[in-house]
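Hi everyone, thanks for coming. Have a look at the structure on the screen, and I'll talk you through a few parts of it.

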Amino acid sequence: MKQVLGLIASPRQLGNCEIMVKEISRQLAIPHRLQLLRLTDFRLRYCNGCYRCLSRGGCVLGDDLPVILEAIAAADALILAAPTYFLGAHACLKVFVDRGLSFYAMAERLWGKPAVGIGVAGIEGKEGCTLLDLERFFLTLQADNRMTRVLYAALPGEVVLSEANRQAAAELAAALFGEPALRRQPRCPLCGGTTIRFLDDGRVRCMLCSNTGTLVAGPVGPTLEIARGRHEFITDQNAALQHQEWLKGMLTRYRERREPLKEIKSGYQDETPWVKPSGAQEEGA
Ligand SMILES: Cc1cc2nc3c(=O)[nH]c(=O)nc-3n(C[C@H](O)[C@H](O)[C@H](O)COP(=O)(O)O)c2cc1C
């Protein structure tokens, strides 16, 4: 029996994201056990960029990250659902993804899982970068992103009222363990990303893998021609592992250059006042 983990990136109980994950599970043809994990229930601290997870083998923040990673590692497949908040996916998704350097330590167990994702936005067309946020989540986890969709529904429960959304649930369910879904064009040929930025020189950059290329007219609409860059960062598992090695090299470089860098930093150490959080002000009072 397959173990499917539903990752809910909405704080709303029985909101559209939770309902959609359950609906996809109901429409999954193969026997499976669904387990749910609401990201906002967990104590997840911000990554503080100390890089100790790379040099000492584990994150030092001491929060619930290992529980979440273990649940993902134990699952055979993932269904992710996130609401749009102010033109992007709910912030808990980014807080989790920012801890991505810790994923390397469990790469063999975490990476390569089939996954589908839904973003739910309240107003048609007002999802902003939600789809990109879902794609980034899967790429950072090196999951096998089989389909991501944005659906529209505002009030909790409304998501299953629309026939289009119920149809999307069926397609997402079929894609999770079935044949890879027909991919919409244009998309980045390297990473599958669907969001581009227009650059000053007429070229475009894929906002998921950061590689550049051109948008060319094809027989059935525009297609993207994107070439691999010199420093691949995340496009596939090999690139991700090479990036990890590069980061370790940067750590060595930092240790070698610690003294001159310290001198630069000390030139900026001054008495400029800082606005402090309320707790800190009370402590200092
Ligand atoms: C703080 C906040 C910001 C929101 N921002 C957007 C937005 O930028 N665009 C949009 O279409 N919907 C926006 N919404 C609506 C939600 O995306 C929508 O209600 C969604 O169904 C919530 O999913 P949930 O019930 O699973 O939490 C926002 C909702 C909240 C609470």
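So, at what angle do α1 and α7 pack, and how far apart are their axes? The angle is about 60°, and the axes lie 8 Å apart. Axes here are lines fitted to C-alpha atoms, for helices over the stretch in contact, with angles running from 0 to 180 degrees between N-to-C directions. The two helices, α1 and α7, are therefore oblique to each other. For that word, under 35 degrees is roughly parallel, over 145 roughly antiparallel, 65 to 115 roughly perpendicular, and the rest is oblique. On the α1 side, Met20, Glu23, Ile24 and Gln27 make the contact (heavy atoms within 4.5 Å). From α7 come Asn165, Arg166, Ala169, Ala170, Leu172 and Ala173.

Quick word on where this comes from. It's a predicted model, where local features need pLDDT of at least 70 and side-chain atom pairs count only at pLDDT 80 or more, while totals for chains, interfaces and linings use all residues. Residues are numbered from 1 along each chain as its sequence is written, and side-chain values use heavy atoms, with hydrogens and water left out.

Helices (H or I, at least four residues) and strands (E, at least two) are DSSP runs, numbered from the N terminus. Now, α1 itself covers residues 16–27, and it reaches 16 Å from first C-alpha to last. Nine of its twelve residues are buried, and buried means under 20% relative accessible area, with exposed over 50% and partly exposed in between (1.4 Å probe, protein chains only). Met20 and Ile24 are among the buried ones. What covers them all? The cover for the buried residues of α1 includes strands β1, β2, β3, β5 and β6, plus helix α7.

On to the cores: sets of buried Ala, Val, Leu, Ile, Met, Phe, Trp, Tyr and Cys residues joined through side-chain atoms within 4.5 Å. The largest has 40 residues, and Phe137 is one of those that touch the most other members. Leaving out residues up to four places away in sequence, Phe137 touches Leu7, Leu80, Leu93, Phe96 and Val97. Apart from that core lies another, of 24 residues, and Met20 is among its members.

Last stop, Glu135 in helix α6. Buried or exposed? Glu135 counts as buried, because its relative accessibility is 4%. Beyond four places in sequence, Glu135 touches Asn145, Thr148, Gly192, Gly193, Thr194 and Leu208. Gln142, in the loop between α6 and β6, is buried too, at 7%.

How values were computed. Expected span 1.5 Å × (residues − 1).
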